[in-house]
Amino acid sequence: MLKRTLTASIVTVLALGAATACSSNSGSSGSAGTPTVKLMVGGIDKQIYLPYQLAQSLGFYEKYGVKVELSTEQNGGVGAEEAMASGQVDMAGAWYNHTIEFQAKGKAVEDVVQLSGAPGEREMCTTKSGVRSAADFKGKTLGVTDLGSGTDTLTQFMAAKKGVKTDQFHRLAVGAGSTAVAALQNGKADCVMTTEPTVSAVEKKGVGTSAIDLATTDGAKAALGGAFPAASVLARTDWVNSHKDAVQKVVDALVATMHWINTHSAADIANKLPASFVQNQLVTKADYIKALNEDKGQFLPDGIMPAGGPKTALATEQMVGTVTSSVDLSKTFTNEFAINANKKEGLTTTTTPAGANG
């Protein structure tokens with residue numbers, strides 16, 4: 001969902017560590033009876049999306065009996081959620097709110113496991129911008145990953161909650177990583193909404209500071225009025241219904257991963273990820289670990305959609321005008337697979353699950 005710029009080293013890691021998204025064996029069983037699932041992530045090297053690769057690195061997909069072919073969306077390329085909806089891949093590692101948007105367009109897509117309860121984003125602003133909250137957005141140029149992206153929706157929503165209309169500020173697509181940093185550095189944007197490790201890069205270069213925290217569940221509740229379910233696994237409802245065994249195995253692996261994240265340190269997590277994810281031209285490994293320590297609270301320990309989360313996501317879509325028709329939230333997510341996965345592992349769930357009305 002968020003357009004990502006990947007370094008050559010990251011692309012190399014993906015090429016070596018996961019097959020491409022071109023396999024014709026999607027959702028089918030291999031010679032050993034192991035289903036193959038193609039999963040595209042909306043920026044696999046970003047901290048907000050680390051569980052997908054971590055599950056691979058920990059060997060959990062293999063442990064739970066599924067071959068997952070990971071891929072990542074590219075700047076200017078098709079988004080992960082769109083690739084899933086069009087059948088290019090089976091699943092998307094993307095934000096939950098896309099299920100609402102798809103339903104409004106007459107497409108049945110559902111969230112089968114929820115990995116985070118906050119967007120993992122921060123509004124990074126220059127000192128001279130004077131921005132301390134969304135009430136200060138008027139007259140400013142605000143950088144978003146891409147127009148129409150989740151960061152764009154959140155920016156408009158926060159402004160609307162403070163009474164600032166969309167035509168009272170300018171939204172600029174700045175991407176992520178070095179392009180987002182440059183937008184602040186060159187004065188093209190007063191603020192940019194971005195994630196780690198870009199946040200740390202902005203702070204290290206002294207070109208901006210965090211004005212609004214959407215990186216933790218508490219921060220999301222303060223800024224958005226409730227938990228905002230972000231990173232998840234999305235799939236077409238018809239595909240889910242015809243591949244329930246494969247879906248359950250993917251969710252089993254990711255729930256085990258979320259429990260592992262909850263019971264291990266940021267350093268432990270960083271040590272299990274590809275080196276190019278945690279140390280590159282923007283940040284050192286120490287920066288990455290420090291940032292993950294601060295924002296680790298965005299990750300849910302049990303893969304359960306939190307109560308109130310779907311309602312908050314729907315409210316953002318309605319307030320910015322992305323969704324104007326009625327939406328049946330019960331069809332946008334399911335906790336069935338995550339509940340089964342926790343029971344299988346004998347884990348006690350701590351997230352209060354959302355009901356059918358969100």
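Visitor: How many bridges join β4 to strand β10?

Guide: This is a predicted model, in which local features need pLDDT of at least 70, side-chain atom pairs count only at pLDDT 80 or more, and totals for chains, interfaces and linings use all residues. Residues are numbered from 1 along each chain as its sequence is written, and side-chain values use heavy atoms, with hydrogens and water left out. Strands of a sheet pair through backbone hydrogen bonds, either parallel or antiparallel. Here β4 and β10 (residues 231-236) run antiparallel and are joined by five bridges; glutamate 110 stands opposite alanine 235 in β10. Strands (E, at least two residues) and helices (H or I, at least four) are DSSP runs, numbered from the N terminus, and two strands pair if DSSP finds at least two bridges between them.

Visitor: In what order do the five strands of the open sheet lie?

Guide: The order is β2-β1-β3-β10-β4, with mixed pairing. At the edges are β2 (67-72) and β4 (109-114), each pairing on one side only. From one strand to the next the twist averages 35°.

Visitor: At what angle do helices α2 and α11 pack?

Guide: Axes are lines fitted to C-alpha atoms, for helices over the stretch in contact (heavy atoms within 4.5 Å), and angles run from 0 to 180 degrees between N-to-C directions. Helix α2 (residues 50-57) meets α11 at about 100°, with the axes 9 Å apart. The two are therefore roughly perpendicular, a term covering 65 to 115 degrees (under 35 is roughly parallel, over 145 roughly antiparallel, the rest oblique). Leu50 and Tyr52 are among the α2 residues in this contact, and Leu254 and Trp260 among those of α11.

Visitor: Is α11 largely enclosed or open?

Guide: Of the 19 residues of α11, 15 are buried, so the helix is largely enclosed by the rest of the structure.

Conventions
Buried < 20%, exposed > 50% of the residue type's maximum accessible area, 1.4 Å probe, protein only.
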